[in-house]
Amino acid sequence: SGARDAPFWTETPPTQVPLVQVPNFAEMAEHLKPSVVNMSTTQAVKGQRRTPPRLPFPSPFGERDPFEEFFERFFGGENPQREFRGRSLGSGFIINREGYIVTNNHVVENAADIKVSLSDKEEYAAKVIGRDPKTDVALIKIDAKKDLPAVALGDSNKLRVGEWVMAIGNPFGLGNTVTTG
């Protein structure tokens, strides 16, 4: 009975667990909020004829499915090369006072025009300075005619697993979202 009663795990926990100081995320978010922007873009996209997905069984409506007719009528009909305006929303952050902003490449790729909204609701047209599809990073610029609040870029090589990080975004223009972990 002695072996059956012995605990499987015999190590004792450390006597002292290091204390961790948690950052004040509310203060950080409030301080960084003016540097986070909302973006909207439009793209000219060549459309394809939209058809509803084919079911693996015959339609109960026969050859001329009313849903297919609906899609043809309201979403492009028979014109396979019809052009329409695609829209995209995203977020970015100002990296210097002159108006350079880092964002995701997929937000600005093929954009005909880019509109940037600051936290104070001012809006500016932006132009793409550079993009890298492989890392999904892009640099854009606005001409605000005033100094803008910029964030300092950190060094991710100095981060250790388990350290606190915070992400702030404004992809829908409804205010900032903050994620920590």
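**View 1. E123 and K115 meet in a salt bridge, with their closest N and O atoms 3.7 Å apart.** A salt bridge here is a side-chain nitrogen of Lys or Arg within 4 Å of a carboxyl oxygen of Asp or Glu. E123 is partly exposed, with a relative accessible area of 48%, and K115 is partly exposed too, at 37%. For these labels, buried means under 20% relative accessible area, exposed means over 50%, and partly exposed lies in between (1.4 Å probe, protein chains only). Please keep in mind that this is a predicted model, in which local features need pLDDT of at least 70 and side-chain atom pairs count only at pLDDT 80 or more, while totals for chains, interfaces and linings use all residues. Residues are numbered from 1 along each chain as its sequence is written, and side-chain values use heavy atoms, leaving out hydrogens and water.

**View 2. D120, E122 and K146 are linked in a network of salt bridges.** How far apart are the closest N and O atoms of K146 and E122? They are 2.5 Å apart. K146 lies in the loop between strand 6 and strand 7 and E122 in the loop between strand 4 and strand 5, so this pair ties together parts that are 24 residues apart in sequence. K146 also meets D120 in a salt bridge, at 3.3 Å from N to O. Helices (H or I, at least four residues) and strands (E, at least two) are DSSP runs, numbered from the N terminus.

**View 3. K141 sits in strand 6, which covers residues 137-142.** Is K141 buried or exposed? K141 is buried yet has no salt bridge, and D143, the nearest side chain of opposite charge, is 4.9 Å away. Lys and Arg count as positive here and Asp and Glu as negative, while His and the chain ends are not counted. The side chain of K141 does reach the backbone oxygen of E98, at 3.0 Å. Leaving aside residues up to four places away in sequence, K141 touches residues including G99, Y100 and A125, where contact means heavy atoms within 4.5 Å.

**View 4. The largest nonpolar core has 16 residues.** Such a core is a set of buried Ala, Val, Leu, Ile, Met, Phe, Trp, Tyr and Cys residues joined through side-chain atoms within 4.5 Å. M39, V116, L118, I140 and I142 touch the most other members. Strand 6 gives the most to this core, with 3 residues. Beyond residues up to four places away in sequence, I140 touches M39 and V116, among others.

Definitions and conventions:
A polar contact is a pair of N or O atoms within 3.5 Å; within protein, one must be able to donate a hydrogen and the other to accept it, and residues adjacent in sequence count only if both atoms are side-chain atoms.
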